[in-house]
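Please work through each task before reading its solution.

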Amino acid sequence: MSAHIAFRGVSKRFEVKVRGSRQHTEFTAVDGIDLDVGRGEFVVLVGPSGCGKSTLLDLLGGLTAPSEGEILLDGRPITGPGLDRGTVFQQYALLPWRTAQGNVEFGLEATGVPRRRRAERAREFLDLVGLTGFEDRHPHQLSGGMRQRVAIARSLAYDPQVLLMDEPFAALDAQTRESLQDELLRIWQRTGKTVVFITHSIDEAVHLGQRVVVLTSRPGRVKEVVPIDLGDRTRQDDLRSSTEFARYRHRIWDLLHDEVSRAQLQEKEVVGA
Ligand SMILES: Nc1ncnc2c1ncn2[C@@H]1O[C@H](COP(=O)(O)OP(=O)(O)OP(=O)(O)O)[C@@H](O)[C@H]1O
Ligand SMILES: [Mg+2]
């Protein structure tokens with residue numbers, strides 16, 4: 001079967017100004033990424049800060065174009081944003097003047113779904129993320145976790161095939177975070193979406209991913225892809241304390257540790273220059 005998402009030799013370079021001069025130089029954020037993501041797969045990207053994770057997600061979202069290579073979605077190159085992909089960011093990108101319901105409906109307005117159907121669908125998806133009864137609250141009347149649930153409901157409501165998530169739970173407390181992780185796993189199982197998820201948390205990566213892609217420090221390349229064979233997480237209570245879990249955690253920590261040290265060295269060089 002062909003991949004749902006395929007990165008083929010993807011590099012992204014940015015033009016940056018040279019400090020104290022009018023000249024520009026090229027800066028390579030990600031370099032030669034080759035990666036296939038299967039339909040319905042849950043893939044997690046981890047890597048040191050600045051290694052190009054968000055850049056890869058922007059490329060997938062069609063917000064920017066690769067400098068080299070291409071990204072195929074269902075075998076066709078991505079040329080721009082589309083309703084076949086939904087994105088959830090770290091900070092709740094909700095409209096403050098709209099209610100939870102209104103925010104989820106907003107995502108449907110571009111799709112041509114009739115008004116009454118929009119309202120129904122919004123309620124259905126707020127229910128899916130456990131927010132029944134909170135439809136009429138505005139973002140400032142919701143907790144951080146609830147706002148993030150609204151953002152998830154909004155990106156699911158128009159039924160994208162792919163869910164792109166950039167550290168969606170990073171700003172939440174540990175307990176809210178774990179319960180949203182489990183909820184996301186249940187939603188993923190129910191809807192069969194392809195998920196590309198970025199995190200700095202090794203635990204989160206192991207808990208969620210079917211495969212964890214470890215990226216190198218800048219420029220980001222694929223260092224290793226670690227398959228996580230932990231079965232159905234939603235059926236196991238104490239998974240995080242199992243020895244298998246610890247083994248995966250350690251493996252990824254090892255891979256990342258080298259890269260984070262390298263990234264810190266690079267930073268020192270830049271500051272020293
Ligand atoms: N528009 C841009 N112009 C110039 N440089 C950019 C631009 N966007 C990103 N970069 C640079 O590309 C590199 C990768 O950035 P990116 O945001 O993808 O990293 P990241 O892996 O998501 O980091 P973090 O874990 O801190 O979120 C960084 O060094 C960043 O400064
Ligand atoms: Mg980022």
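**Exercise 1.** Determine how the rings of F42 and W188 are arranged, and which parts of the chain they join.

*Solution.* The structure holds 3 aromatic pairs. Rings of Phe, Tyr and Trp (its six-membered ring) pair if their centres lie within 6.5 Å; planes under 30 degrees apart count as stacked, over 60 as edge-to-face and the rest as tilted. For F42 and W188 the centres are 5.4 Å apart and the planes stand at 85°, so this pair is edge-to-face. Because F42 belongs to strand β3 (residues 42-46) and W188 to helix α5 (residues 174-191), the pair ties together parts 146 residues apart in sequence. Helices (H or I, at least four residues) and strands (E, at least two) are DSSP runs, numbered from the N terminus. F42 and W188 are both buried, where buried means under 20% relative accessible area, exposed over 50% and partly exposed in between (1.4 Å probe, protein chains only).

The model is predicted: local features need pLDDT of at least 70, side-chain atom pairs count only at pLDDT 80 or more, and totals for chains, interfaces and linings use all residues. Residues are numbered from 1 along each chain as its sequence is written, chains are lettered from A and ligands numbered from 1 in the order in which they are written, and side-chain values use heavy atoms, without hydrogens and water.

**Exercise 2.** Classify the ring pair F169 and F197.

*Solution.* The centres of F169 and F197 lie 5.8 Å apart with planes at 55°, so the pair is tilted. F169 is in the loop between β7 (162-166) and α5, and F197 is in strand β8 (residues 194-198), 28 residues apart. Both F169 and F197 are buried. Ring pairs join F42, F169, W188 and F197 into a cluster.
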